[in-house]
Amino acid sequence: NINKKPLYKLFFTFKDEKYIINIYNKDICSIYPWDGYYNMDFINISNIPISYNLYNLCKYIIPRD
């Protein structure tokens, strides 16, 4: 049960590669390359400690109403 629209979206740029991370909730995120050549991979982040969880980081840095 994943919302089609992510709550947060992160963009990472490395030397020659770009990635997008969609964060749907505190348990699920997805990652895929910018060019869309590969399919989106979904990752269960429910076991990651709060201090390292991407959802909590985004919630802290980019608060939503």
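User: Which residue in S4 does Ile-28 stand opposite?

Analyst: Ile-28 stands opposite Asn-44 in S4. Please note that this is a predicted model, in which local features need pLDDT of at least 70 and side-chain atom pairs count only at pLDDT 80 or more, while totals for chains, interfaces and linings use all residues. Residues are numbered from 1 along each chain as its sequence is written, and side-chain values use heavy atoms, with hydrogens and water left out.

User: How is the pairing of strands to be read, and in what order do the strands form the sheet?

Analyst: In general, strands of a sheet pair through backbone hydrogen bonds, in either a parallel or an antiparallel manner. Strands (E, at least two residues) and helices (H or I, at least four) are DSSP runs numbered from the N terminus, and two strands pair if DSSP finds at least two bridges between them. Here, four strands form an open sheet in the order S1-S2-S3-S4, with antiparallel pairing. Strand S1 (8–13) and strand S4 (41–44) stand at the edges with a single partner strand each, so one side of each lacks a neighbour in the sheet. From one strand to the next, the twist averages 25°; axes are lines fitted to C-alpha atoms, for helices over the stretch in contact, and angles run from 0 to 180 degrees between N-to-C directions.

User: Where does helix H1 pack?

Analyst: Helix H1 (residues 54–61) packs on the sheet, where it touches S1 and strand S2 (18–23); contact means heavy atoms within 4.5 Å. The direction of H1 makes about 100° with that of S1.

User: How many bridges join S2 to S3, and how many join S3 to S4?

Analyst: Five bridges join S2 to S3, and a hairpin connects these strands through four residues. Tyr-19 has Pro-33 in S3 as its bridge partner. Between strand S3 (residues 28–33) and S4 there are four bridges; Ile-31 has Asp-41 in S4 as its bridge partner.

User: Which residues make the nonpolar surface patch?

Analyst: Leu-57, Tyr-60, Ile-61 and Ile-62 make a nonpolar patch of about 460 Å². Patches are made of residues with over 30% relative accessible area and no salt bridge, with nonpolar side chains (Val, Leu, Ile, Met, Phe, Trp, Tyr) joined within 5 Å and like charges within 9 Å. A salt bridge is a side-chain nitrogen of Lys or Arg within 4 Å of a carboxyl oxygen of Asp or Glu.

Terms used: Areas by Shrake-Rupley, 256 points an atom, 1.4 Å probe, with all protein chains shown as cover.
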